[in-house]
Amino acid sequence: MAQAQSTEADWVSRFADEVIAEGERRAPGKPIVVASGLSPSGPIHLGNLREVMTPHLVADEIRRRGHECHHVLSWDDYDRYRKVPAGIDPSWAEHIGKPLTAVPAPPGSPYGSWAEHFKAAMIEALDELGIEYRGISQTEQYTSGAYREQILHAMKHRGDIDAILAQYRTKAKPAKKQQKPLDEAELEAAEGSGAAAEDDGSAGDAGYFPYKPYCTACNKDLTTVTAYDDETTELAYTCTACGHAETVLLKEFDHGKLVWKVDWPMRWAYEGVIFEPSGVDHSSPGSSFQVGGQIVGPIFGGEQPIGPMYAFVGISGMAKMSSSKGGVPTPGDALQIMEAPLLRWLYARRKPNQSFKIAFDQEIQRLYDEWDKLCGKVADGTVLPADAAAHSRAVRTAAGELTTTPRPLPYRTLASVVDITAGHDEQTLRILSDLDPENPVTSLDETRPRLDKAEHWINTQVPAESRTVVRTEPDHETLAALDEQSRASLRLLLDGLDEHWSLDGLTTLVYGVPKVLAGLEPDAKPTPELKVAQREFFALLYQLLVGRDTGPRLPTLLLAVGADRVRKLLAA
């Protein structure tokens, strides 16, 4: 009962209810199947991660309730290689039209193919995120003959498939007028979704065929089926790339695939998929998910999955992501600067149809503050049910707890410290142990992996001009020009260092100095005039310590610089 109460306001739980009920209706007593599909046509980015995370969260909730649930992840590695991404040798254009598993990996890669190269990074990230799934290579499925019966069946019923597709072909133009046009970034993201961009089959002089051979001579799909015999399964094709022509027996031929709009519903029926989300590009009228729903039953005897549309995922300060261009952040990139539970939480707390952004800029510090506040509410029992559910889904799966930091110090504090110390372990430990002298950090391992994530963020995401460099010598010119009140403020600060040498103590001290100078108690509420005085005091300290008007939080900066060096730099 407690589980139901804690998740009743949560989108994952609602989908789990629906999927469990649908599973009982379709196949009572059998394992529930949810599915994802990824095309390793390029970097598999954080927008693609939603394709996996959405069914994962639902599957995990189903498992938590004691039901058997399989998460099938289809690697669409038998898709055609469509274009050479930015930053890759242009000579790779010679491989356009080949299966992704037949294209050489990018230069310098240790992997055997283009597909394996881009799959590898995603597999590593999914493991760190605690995502349990059964991976299926579509290259292996097609070339092993696993789908032979389905291919022959589709070819036999090609006229029925063509009639269904024709309804959407005629509706295509009017539908575009009714829809809001996709912007450039959305078009790029749709293009980057791999198989979704394929056509729905060839309709040449010989009629419509939902099957596309890869040429056995050049291994490209630039082929046209010229004849097919249902009785013998003889299939004739020609290749426009190399001129090769041949006749094969389709009941023995395993060097081609169904076109995407037929392939996807075939797999729904083959795997018995009950839940599979799809991106915006798959969900518009006439798109693959909509058309597949009309094909899966009449042709393959299956049912369309429950299929929520998921919205785009963006990056703070960047355009919407697309794997068709180089340099888009991947889950692996995100996991270098944030812990797995935080990344999971970003996907768990938003409904699939809600877009959100993942922070690679300064916003990551605020995001971590929000996460730590949530963790505090969970610990003290003041958290709301939906927030508690999102937190639970972030930190654990049905299989167990994810790796977390034993002593999760504020991310912004860790980032400031490694910025100032340039990652020097001994100096970092000295500063962190001073944050709370009554309960000091005794080993950097207590603060990992969060410390390592913060250090990577500082080293890779913060521009060199924004890094903190502490002065080596006092700014004598500025010190000599100070008025008496500024000198008095520095004396008050220096006199209070020893007594206030902790993060909380120094916070009280730096905010209290302007109050004392104004004749107030250190804990007095600041007036508008006092806030101006505080800002001026802070700017002075930054100028004298790091030569800029701003920098890391002053209490952290003072701890990092050290009392002796602070005295040297501030002594007027």
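In helix α16, the buried residues are Y411, T413, L414, A415, S416, V417, V418, D419, I420 and T421. The structure described here is a predicted model. Helix α16 spans residues 411-421, and because ten of its eleven residues are buried, the helix is largely enclosed by the rest of the structure. The packing partners of these buried residues are the helices α12 (331-337), α14 (363-380), α17 (425-435), α18 (450-461) and α23 (554-561). Just after α16, A422 adopts a positive phi of about 55°.

Confidence in the model was examined next. The average pLDDT of the protein chain is 90, and 91% of the residues score at least 70. Residues 1-8 have a pLDDT below 50, and this stretch makes ten contacts in the model beyond near neighbours in sequence. The pLDDT is also below 50 over residues 172-198, a stretch with 41 contacts in the model beyond near neighbours in sequence. Where pLDDT is low, predicted coordinates should not be read in detail.

The structure contains 18 aromatic pairs. One of them is formed by W260 and W264, whose rings are stacked, with 5.1 Å from centre to centre and 20° between the planes. Both residues belong to helix α9 (residues 260-271), where W260 and W264 are four residues apart, about one turn of the helix. An α-helix has 3.6 residues a turn, so residues three or four places apart point the same way. W260 and W264 are both buried. Y347 and F356 form an edge-to-face pair, with a centre-to-centre distance of 5.1 Å and an angle of 90° between the planes. Y347 has a relative accessible area of 2% and is therefore buried; F356, with a relative accessible area of 9%, is buried as well.

Further ring contacts involve a cluster and a charged side chain. Y78, Y142, Y147, Y214 and Y270 make up one aromatic cluster. The ring of W345 has the charged end of R349 over it, 4.1 Å from the ring centre.

An open sheet is built from three strands in the order β7-β8-β9, and the pairing is antiparallel. Strands β7 (223-228) and β9 (245-249) stand at the edges with a single partner strand each, so one side of each strand has no neighbour in the sheet. From one strand to the next, the twist averages 25°. Five bridges join β7 to strand β8 (residues 234-239) in the antiparallel sense. A227 has A236 of β8 as its bridge partner.

A loop residue was also considered. E465 lies in the loop between α18 and α19 (476-480). Because its relative accessibility is 64%, E465 counts as exposed, whereas W260 is buried. E465 and W260 are 205 residues apart along the chain, and 49 Å separates their C-alpha atoms.

Note on methods: Residues numbered from 1 in each chain as written. Predicted model: local features only at pLDDT ≥ 70, side-chain atom pairs only at ≥ 80, totals over all residues. Heavy atoms only, no water. Pairing = 2+ DSSP bridges. Helix = DSSP H or I, 4+ residues; strand = E, 2+ residues; numbered from the N terminus. Axes fitted to C-alpha atoms, helices over the stretch in contact; angles between N-to-C directions. pLDDT = per-residue confidence, 0-100. Contact = heavy atoms within 4.5 Å. Phe/Tyr/Trp six-rings, centres within 6.5 Å; stacked < 30°, edge-to-face > 60°. Buried < 20%, exposed > 50% of the residue type's maximum accessible area, 1.4 Å probe, protein only. Lys NZ or Arg CZ within 6 Å of the ring centre and 35° of its normal.
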